[in-house]
Amino acid sequence: MNDKIQHAIIRVQKNNDLTAADEIVRAYYDEIYLYLYSHLKDKEDAKDCAQEVFLKMYLLIKQYDSKKGKFIAWLIQIAHNQMIDEIRKKKRKETLPLLDENQFCIESDPILEIYQKDKINKIKTYIDSLPDSLQQIYTLKCINDFTFKECAEKLYCSENTCKTRYYTLIKKIQEEFKDE
């Protein structure tokens, strides 16, 4: 994090400075939006969630302690919690969709497609249960196709740390699903 953002955080914490809060939003909006979009898969939901994240950031910023961790990690935790809330809210509203008879006119093997979709959903659910550090590397490396260097810049850690997290994630997934 650069000094300008660090000073903006302090100004918001001490004075509720809206201009400083706007600087923080501008600095982190794209990153938070991409994180949310990669999980929610809907642009409008991701935008709405991002707005809520930055509102909560402003309201809770006095609780942020730089000694406990990086600001981006704290902000991503808020985004993650907001995303979970959004998913829960959507699940409550969902009803069973009507089956379209055309759904069954698939050129490939429908049994195989169902199996593959089910396995992908199980893997995604498993990843969501992992620590945030592994979820973050999954989002940046696997979904957004960032290089390890780009991941390191976004997560404010070394490339080696990103590589370790990535290979730990892969190993955990392989171990969890080795019998399937």
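Biologist: In which helix is the place of D48?
Modeller: D48 sits in helix α3, and please keep in mind throughout that the model we are reading is a predicted one.

Biologist: Why is D48 called partly exposed?
Modeller: Its relative accessibility is 41%, and since buried means under 20% and exposed means over 50%, a value in between makes D48 partly exposed.

Biologist: What makes D45 count as buried?
Modeller: D45 is also found in helix α3, which covers residues 43-60, but its relative accessibility is 12%; because the limit for buried is under 20%, D45 counts as buried. Leaving aside neighbours within four places in sequence, D45 is in contact with L40, E86 and K90.

Biologist: How do you know that L34 is partly exposed?
Modeller: L34 belongs to helix α2, residues 18-40, and has a relative accessible area of 32%, which lies between the limits of 20% and 50%, so L34 is partly exposed. In sequence L34 and L140 are 106 residues apart, yet their C-alpha atoms are 8.7 Å apart in space.

Biologist: Why can we say that the buried residues of α1 line one face of the helix?
Modeller: The buried residues of α1 are I5, A8, I9, V12 and Q13. Seen down the axis of α1, they fall within an arc of 130 degrees, so they line one face. The face turned away from that buried side carries the exposed residues D3, K4, K14 and N15.

Biologist: How does the span of α1 compare with the span expected for its 13 residues?
Modeller: From its first C-alpha to its last, α1 reaches 18 Å, close to the 18 Å expected at 1.5 Å a residue.

Biologist: Why are α7 and α8 called roughly perpendicular?
Modeller: Helix α7 (residues 148-155) and helix α8 (residues 159-176) pack at an angle of about 105 degrees, with their axes 8 Å apart. Angles of 65 to 115 degrees count as roughly perpendicular, and therefore the two helices are described in that way.

Biologist: Which residues of α7 and α8 meet?
Modeller: F148, K149, C151, A152 and L155 in α7 meet E159, C162, K163, R165, Y166 and Y167 in α8. The residues of this contact divide into seven nonpolar, no polar and four charged.

Biologist: What makes the phi of N16 worth a remark?
Modeller: Phi of N16 is near 55 degrees, a positive value in a residue other than glycine. Most residues other than glycine have a negative phi. N16 lies in the loop between α1 and α2, and with a relative accessible area of 36% it is partly exposed. K41, in the loop between α2 and α3, likewise has a positive phi, of about 60 degrees, although it is not a glycine.

Terms used: Residues are numbered from 1 along each chain as its sequence is written. This is a predicted model: local features need pLDDT of at least 70, side-chain atom pairs count only at pLDDT 80 or more; totals for chains, interfaces and linings use all residues. Side-chain values use heavy atoms; hydrogens and water are left out. Axes are lines fitted to C-alpha atoms, for helices over the stretch in contact, and angles run from 0 to 180 degrees between N-to-C directions. Helices (H or I, at least four residues) and strands (E, at least two) are DSSP runs, numbered from the N terminus. Angles under 35 degrees count as roughly parallel, over 145 as roughly antiparallel, 65 to 115 as roughly perpendicular and the rest as oblique. Contact means heavy atoms within 4.5 Å. Ala, Val, Leu, Ile, Met, Phe, Trp, Tyr, Cys and Pro count as nonpolar, Asp, Glu, Lys and Arg as charged, and the others, Gly among them, as polar. The expected span of a helix is 1.5 Å times one less than its number of residues. Buried means under 20% relative accessible area, exposed over 50%, partly exposed in between (1.4 Å probe, protein chains only). The arc is that of the directions from the helix axis to the C-beta atoms.
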